[in-house]
Amino acid sequence: MAVSVTAVLARADNGVIGRDGGLPWRISADLKRFKALTQGTAMIMGRKTFDSLGRLLPGRRHIVLTRDRGWRAEGAEVAHDVDEALDLAGNTAVSVIGGSDIFRLLLPHTTRIELTEVHGGIEGDTFVPPFGPEWREVAREDHAAEGDTPAYSFVTLERAP
């Protein structure tokens, strides 16, 4: 079983996490944080998220959770349910990177959430609802809007004991 399961995501104040198969914003610091948080982990993602990456990300395993029994991609490990995905990860830290269904399916196993809150009502077609009262904020770093970059906050949430 995985050492730890961390959800890593950016979400707008209105719950939007995606638009047309990609991110509806470009925040350089968020991309750098994503890389730092996921480096060396087994990333669990859905097929659409895998496709949106456009390539294998170096220094990370790519475990794709899909219902399609025939789906394969070079460099990706394939799982068809949550337990199989976690078993594939083995004794490695797991980063859950999306999409919304994957976050929902793995939330019961998740112990930490590394969230980038993108401030403002962003248009999109993929949503993650607010996290429930079982999550407590343990760290926050706020950043003002700058040029085309919206205001955002890096937030760490942990499951309350």
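D142 is exposed, with a relative accessible area of 54%. Salt bridges with shared partners link E117, E137, R140 and D142 into one network.

Before going further, a word on what you are looking at: this is a predicted model, in which local features need pLDDT of at least 70 and side-chain atom pairs count only at pLDDT 80 or more, while totals for chains, interfaces and linings use all residues. Residues are numbered from 1 along each chain as its sequence is written, and side-chain values use heavy atoms, leaving out hydrogens and water.

Now step back to the sheet. Eight strands form an open sheet with mixed pairing, in the order β5-β4-β3-β6-β1-β7-β10-β9. Strands are DSSP runs of E with at least two residues, helices are runs of H or I with at least four, and both are numbered from the N terminus; two strands pair if DSSP finds at least two bridges between them. At the edges are β5 (76-79) and β9 (135-143), each of which pairs on one side only. Within the sheet, β3 and β6 run parallel and are joined by four bridges, and S95 in β6 is the bridge partner of M43.

One joins R61 to E77, with the closest N and O atoms 2.9 Å apart. Because R61 lies in strand β4 and E77 in strand β5, this pair ties together parts that are 16 residues apart in sequence. Another joins R136 to E158, with the closest N and O atoms 3.8 Å apart. R136 lies in strand β9 and E158 in strand β10, so the pair ties together parts that are 22 residues apart in sequence.

What packs against the strands? Look at helix α1 (residues 28-38), where D30, R33, F34 and T38 are buried. These residues are on the same side of α1 because they cover an arc of only 115° around the axis, the arc being that of the directions from the helix axis to the C-beta atoms. On the other side of α1, K32 and A36 are exposed. The buried residues of α1 pack against β1 (5-12), β3 (42-46), β6 (94-98), β7 (112-118) and β10 (152-159), with contact meaning heavy atoms within 4.5 Å. After α1 comes G40, whose phi is positive, near 80°.

Finally, find L9 in strand β1. L9 is buried, with a relative accessible area of 6%. Its contacts, not counting residues up to four places away in sequence, include I17, F103, I113 and F131. The C-alpha atoms of L9 and I97 are separated by 6.2 Å, although these residues are 88 residues apart along the chain.

Technical notes
Buried < 20%, exposed > 50% of the residue type's maximum accessible area, 1.4 Å probe, protein only. Salt bridge = Lys/Arg side-chain N within 4 Å of Asp/Glu carboxyl O.
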